[in-house]
Amino acid sequence: MFDTFPLWPARASTTAGSVDALYIFLVALAAFMSVSIFIMIVVFATRFRRRKGVQAEQIEGSTPLELTWTVIPLGIFMVIFVWGAVIYFRERTPPRGATEVYVVAKQWMWKLQHEEGQREINELHVPVGRDVKMIMTSQDVIHSFYVPAFRMKQDVLPGRYTTAWFRATRPGTYHLFCAEYCGTMHSGMIGQVVVMEPAQYEAWLGGGAAMGSLAANGESIFQQLGCSTCHRFDTQGRGPNLAGLFGKPVQLEDGRTVVADENYIRESILSPAAKIVSGFKPIMPVFQGLVSEEQLSALVAYIKSLNQPPAGAAATPSLLPGTKPQQPKVQ
Amino acid sequence: MATAAITADRTNYLNQEYGIKSWLLTTDHKRIALLYLLSITFFFFIGGFFALLIRLELLTPAGDLVQSDTYNKLFTMHGQVMVFFFLIPSIPAVLGNFLVPLMIGARDLAFPRINLLSWYLYIIAGVMMLHCILTGGVDTGWTFYTPFSTAFSNTKVIEAGLAIFVAGFSSILTGLNFVVTIHRMRAPGMTWSRLPLFIWAHYATSIIQLLGTPVLAVTLVLVVLERALHLGIFDPTRGGDPLLFQHLFWFYSHPAVYIMILPSMGVVSEIVPCFCRKRIFGYKFVAMSSIGIAVFGFLVWAHHMFVAGISLYSALIFSILSYMVAVPSAIKVFNWTATMYKGSISFATPMLYAFGFIGLFTMGGLTGLFLAALGIDVHVTDTYFVIAHFHYIMVGGAVMGYLGGMHFWWPKISGRMYPEFWGKLAAMIVFIGFNLTFFPQFVLGYLGMPRRYWQYPPEFQVLNVLSTAGSTILAVGYILPMVYFLWSMRYGKIAEENPWGASGLEWMTSSPPPTFNFDHTPEVTWEAYNYENIPAPEEVAVER
Amino acid sequence: MSDSPIAVEEHNPALRHHFADMEQQRQASSLGMWVFLATEVMFFGGMFCAYLIYRYWYYNEFAAGSRSLDIWLGTINTAVLICSSLTVALGVRAAQMGKRKLLVILLLLTIVFGLAFLGIKGVEWYTKFQEHHIPGSSFNVDDLIKEYPQIRIDPSHQQIFFSLYFAMTGLHALHMIIGVGIFAVLTFYAWKSLYTPEYHTPIELAGLYWHFVDIIWIYLFPLLYLIDRKPLK
């Protein structure tokens, strides 16, 4: 796979092509601009080199010329900006229905867990042609999940989830790097992304030790920690009903509305007092320090899986804030 | 100092007084400039030594020359020493200190004692940094990213942070002195539109130093407090936000890039007209683009954080603003090139450096466009592409300008000419060595080699070997000028008042200038760069 | 600003060699101080920025922390500082008119007010020390949690409030101490009759600095003490 002296990185995801296209355009533009300036300098330097009896011609400047070389570059820059922004927008918006992989980074390894329950360390197996969304967090310092062949990079922060996605296009083994300096063995925090044909991938999935899916795992943690005593799937619970919650707006007690995404669920488990759902009392205990990052991933995956059944019991209807925003919520 | 070697027939700032005390207690801006020159040269070679060790380690894919922790300290201290102890003070504190009063016809900077204080602060900071280096060093990367720096690194973060804090105040005081001097100390007739572009560049630089540095200072205080007392301000496990640190840090550290490059642009704007014998093309646009860079430079900091977890929309805004700041830089390059048109061009060493600057800065600036493009930045940020890009700006740009300026004003500073042949040779060596060192890193970066890697996959080796080879050539190019500058202080040809036939008040006083710069306060009745009225020297810089 | 006539060129002894005349020297010094204050604004600005973000995130803890501060001492300190700004302003006026004795008295009064502020601040800090509200290993806010059962308090978020409280008031106090030191020196020189209606720039500049420190407090006081003082239900 790896040559001894490559000049172009492998291209193995749907975004890689569009990033390369813009890159090639920019290389051409940069080459054209630098070469024209170098040529101008060389031509001027020879044509107007100092000669006996030839005086320099004093030229004040030229506003039309100045405006030209202000406006034209600006126009070109705007083209690059829009082009780059379009790619970025796509890179940052995971498509619906992507397979999810939970990533926990720590000094100096990557721990990955598939929806189906497979766990991997410093290695990620994915099939060709499937959208894969990474939901990542760090146990210690900032890391960065970088797969050059996918032209994909996302910092992985402690204390929150960041996401990234890709769709592999070509089977092979590709580098996984940590791109944010993270201490002694930063350069050892590397791994491989193995892209497989779907059939091979299914075989790989089947070959792993049989353990329940991530969501099933999350469900058992949900029971063990006693979450289910309050978060019941009816209207009687002391905590909000979590079915169908994910991705919906939630009306908070202080009048704000937030969307229940991965970070919201994470925060609501770790420090529940931060955002109290309207109509509920802040009675949930704090789980900061009681659940590991892996358990947290499982819980998040479980709560997301509750969206699957038809939403007969939408936990929190998306009310528009009708109540006046109250300042600190003190009962 | 080779003060005794100066055999001028009149007293000047070098032979007015002798002895260590006359130097250490001087308030003469020219002597302080020389104090700075000595100290930053010292730190330049320390930082350069670290750079060579880094390059040697990267000669092979395996981490074999030094331990990984040592390597991490090397690149951290290379960055900190080069940024805070060489690049930021380089042109402002040496050439700026020497030239700002001379160029505007003042007897000194507005606050000479504060100027000396700023040098002492620099020295205190430098001693702290050296102590930190010698007793173990620091391994956070020059960026001090939290929570690594506050909660995980077990090296001397506090000491390095405080050293940079103190160095920051040295920089603030220099900027303060320049702003007040430029506003209040101009000679009669020296209106804003007659100011040399070097002054405009330093004015813009000073604004950044004044408004940016305090934010870095307070951020470092918070990091130090956080590390010492575990406050939690940047610690996610205590409810803090590590991204807040990045915002505060880059709010200074992005404009800091302009602290390095703007003065260099100022130098080039002096050299190019002089060796083309003509007024600079579009004076007003060049002057205003300096101010534009200073202003826009404050609005682009988060382009260092496109993959750090900032929101999609703020990324869009910072991307478009980053393109805005590229426009004034482009204007400058076009104007310098246009200045050559119909000139009468000669090729002394300073002009070679100016050519080098324009070429390398153009490439550095154009690759900046790559990084500001969001989609590309995701791939190349935190890789060697970024390393190559900012070295093209900071070394190819700032250091080239600094060396060009040193050669251009060396006759004025020392009263002696440097040897022209060796000067040209060194300029060529620097240019070739620089490109060989850093161009392969663009390729490496797009291939995906992350920065700050102590060991790397073997397929990156060929390009790394090229880069290391270039760095040794570059080292020769940097040592040469130091040798022949020292040599010229005793053996160089005695410099005339105005050896280049340059415009500007600094050339209207003797070389080296007397302590109070001018015998009579000059009165300015002409525009800047009035080369039609100045005869070109018969032969530039005679070879001995 | 300049009601002193342009200095008569009998070479005022206070004129430094590199200035053309007293007016240029005065203007340079004054501009220098204004520029310096601009950097000071940025210096505090970083902390204000951190404050605003965390106050938005951790409103409860900020409100509880604010309640735990002694509003009376804070108010008295605000009054003390405003009085000191008045005495400084009057002092500058006295210097302009050449009233040496009055100037010395006003400067001394300023120092007294400044020390009073620092003393009261010290008392407040000492109380916080006794309550274990100083961030660090012995930090403990169980008392606040007990006192305000209606407010959900996360101790580590509470620590962020107190960290910012001590960092901001500490930085402010450092400026006050420097200011008092400057005024001590100026009082000595004023007593030695160094300042004349033609030359009293140091008094003006120190006054500017003092007003700036005062203004910082005028922002700090409501931001730290008055976040939420409504009676709890």
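Visitor: Which strands does β5 of chain A join, and how many bridges are there to β8(A)?

Guide: The general idea is that strands of a sheet pair through backbone hydrogen bonds, either parallel or antiparallel. In this predicted model, β5(A) and strand β8 (residues 162-167) of chain A run antiparallel and are joined by six bridges. To place one of them, look for A:Asp131, whose bridge partner in β8(A) is A:Arg167. Strand β1 (residues 99-106) of chain A is also joined to β5(A), by seven bridges, and these two run parallel. Here you can look for A:Thr99, whose bridge partner in β5(A) is A:Val132.

Visitor: Is β5(A) mostly covered or mostly open?

Guide: Strand β5 (residues 131-138) of chain A is mostly covered, with six of its eight residues buried.

Visitor: In what order do the strands of that sheet come?

Guide: The order is β3-β2-β1-β5-β8 in chain A, an open sheet of five strands with mixed pairing. At its edges are β3 (119-121) and β8 of chain A, each of which pairs on one side only. From one strand to the next, the twist averages 25 degrees. Towards the β3 end, strand β2 (residues 109-114) of chain A pairs with β3(A) through three bridges in the antiparallel sense. A:Leu112 has A:Glu120 as its bridge partner in β3(A).

Visitor: What is the strand order in the sheet that holds β4 and β7 of chain A?

Guide: That open sheet of chain A has five strands in the order β4-β10-β9-β6-β7, and its pairing is mixed. The edge strands, each pairing on one side only, are β4 (123-127) and β7 (152-156) of chain A. The twist here averages 20 degrees from one strand to the next. Inside the order, strand β6 (residues 143-147) and strand β9 (residues 172-178) of chain A pair in the antiparallel sense over two bridges. A:Tyr146 finds its bridge partner, A:Phe177, in β9(A). Helix α3 (residues 198-207) of chain A packs on this sheet, touching β4 and β10 (191-196) of chain A, and its direction makes about 130 degrees with that of β4(A).

Visitor: How many residues does the contact take from chain B and from chain C?

Guide: The size of an interface is often given as the accessible area lost when the parts come together. Here we can count residues instead: 32 from chain B and 28 from chain C. On the side of chain B that touches chain C, α6, α7 (197-229) and α8 of chain B each supply at least two residues. The largest share, 10 residues, comes from α7(B). By class, that side of chain B has 22 nonpolar, five polar and five charged residues.

Visitor: And how many residues does the contact take from chain B and chain A?

Guide: Chain B gives 75 residues and chain A gives 74 residues. Several helices of chain B each supply at least two residues of the side that touches chain A, among them α3 (68-104), α8 (242-276) and α14 (420-447). The largest share of that side, 14 residues, comes from α10(B). Its residues divide into 46 nonpolar, 20 polar and nine charged.

Notes: Residues are numbered from 1 along each chain as its sequence is written. Chains are lettered from A and ligands numbered from 1 in the order in which they are written. This is a predicted model: local features need pLDDT of at least 70, side-chain atom pairs count only at pLDDT 80 or more; totals for chains, interfaces and linings use all residues. A residue is buried if 20 or more other C-beta atoms lie within 10 Å of its own, exposed if 12 or fewer, and partly exposed in between; C-beta atoms are placed from the backbone. Helices (H or I, at least four residues) and strands (E, at least two) are DSSP runs, numbered from the N terminus. Two strands pair if DSSP finds at least two bridges between them. Two residues are in contact if their C-beta atoms, placed from the backbone, lie within 7 Å. Ala, Val, Leu, Ile, Met, Phe, Trp, Tyr, Cys and Pro count as nonpolar, Asp, Glu, Lys and Arg as charged, and the others, Gly among them, as polar. Axes are lines fitted to C-alpha atoms, for helices over the stretch in contact, and angles run from 0 to 180 degrees between N-to-C directions.
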